[in-house]
Amino acid sequence: MHLESPLGKVRDYYTCKLAEHGTTPAGVDWNSSDSQRLRFEQLLKVCGAKREFTITDYGAGYGALIDTLVEKGYRFQYRGFDISREMVETGRSCYAQRADCEFVAVDAELVPTDFVVASGIFNVTLGTSLAEWKKYVLQTLARLNELALSGFAFNVLTKYSDPERMRPDLYYADPCFLFDHCKRNFSRNVALLHDYELYEFTMIVRK
């Protein structure tokens, strides 16, 4: 499968959002700071009771997750990865004073960390066929699993969204299918969170 072209479109889409809105939730295509924070809170449930850990933010944008990690009092080493070099450069600039944070734009530079989280990376398809996008999703989940020593978490728009609100350029996943896939391929310990008032779900996979 060759996804360089559609991912190039996605990269350009988010780069334009950043240029238009700057380091705000809208700059990474979210509606509000409240919804962005709520997503982060669901994803960080993968950490359980741990207060100190290494973490990879896969599809980091400009690194807004860092603020939530700090606010919650975690002690962490953070590595943010994004396919948009503009996002990466912005993250490096915003958090230049933090020795515990770094950003990379090349997947091959990533090394395993305790936890991996991915927020919103599966949502925007920009015309890619459903079959091709599902293959990309499953390949990426396998990569998240490779990088996660203790667990990983990701969110996806849900197929249970109100039909009149669903957009043709977005991917709405079947949570039952992805739950089954994660159980069969990654771990017996999988949690599906679909109860936090957004048109999406979060999957938690613990090793």
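Arg-92 lies in helix H4, helices being DSSP runs of H or I with at least four residues and strands runs of E with at least two, numbered from the N terminus. This is a predicted model, in which local features need pLDDT of at least 70 and side-chain atom pairs count only at pLDDT 80 or more, while totals for chains, interfaces and linings use all residues. Residues are numbered from 1 along each chain as its sequence is written, and side-chain values use heavy atoms, with hydrogens and water left out.

Back to Arg-92. At 38% relative accessibility, Arg-92 counts as partly exposed; buried means under 20% relative accessible area, exposed over 50%, and partly exposed in between, with a 1.4 Å probe and protein chains only. Leaving aside residues up to four places away in sequence, Arg-92 touches Phe-103 and Val-104, where contact means heavy atoms within 4.5 Å. Gln-139 is 47 residues from Arg-92 in sequence, and their C-alpha atoms are 28 Å apart.

Thr-90 is also found in helix H4, which covers residues 85–94. Again not counting residues up to four places away, Thr-90 touches Leu-18, Thr-23 and Tyr-62. Between Thr-90 and Gly-22 there are 68 residues of sequence separation and 9.1 Å from C-alpha to C-alpha.

Next, strand E4. Six of the six residues of E4, residues 113–118, are buried, so the strand is largely enclosed by the rest of the structure. Strands count as paired if DSSP finds at least two bridges between them. Strand E1, residues 52–58, runs parallel to E4 and is joined to it by three bridges; the partner of Asp-57 in E4 is Val-117. E4 also pairs with strand E5, residues 148–157, in the parallel sense over five bridges, and here Val-116 stands opposite Phe-152 in E5.

In the loop between E4 and H5 we find Leu-126. Leu-126 has a positive phi of about 50 degrees although it is not a glycine. As background, most residues other than glycine have a negative phi. Leu-126 is partly exposed, with a relative accessible area of 25%.

On to helix H5. At 1.5 Å a residue, the 18 residues of H5, residues 130–147, should span 26 Å, and the end C-alpha atoms are 26 Å apart, which agrees. The expected span is 1.5 Å times one less than the number of residues. Buried residues of H5 include Trp-133, Tyr-136, Val-137 and Leu-141.

How do the axes of H5 and helix H6 cross? They come within 12 Å and cross at roughly 35 degrees, H6 being residues 175–185. Axes here are lines fitted to C-alpha atoms, for helices over the stretch in contact, with angles from 0 to 180 degrees between N-to-C directions. On the H5 side, Lys-134, Val-137, Leu-138 and Leu-141 meet Phe-177, Leu-178 and His-181 of H6. The residues of this contact divide into five nonpolar, one polar and one charged; Ala, Val, Leu, Ile, Met, Phe, Trp, Tyr, Cys and Pro count as nonpolar, Asp, Glu, Lys and Arg as charged, and the others, Gly among them, as polar.

Last, the hairpin. Strands E6, residues 189–193, and E7, residues 200–206, pair in the antiparallel sense over five bridges. Val-190 has Val-205 in E7 as its bridge partner. Six residues lie between the two strands of this hairpin. Glu-197 lies in that loop between E6 and E7. Its phi is near 70 degrees, a positive value in a residue other than glycine. Glu-197 is exposed, with a relative accessible area of 75%.
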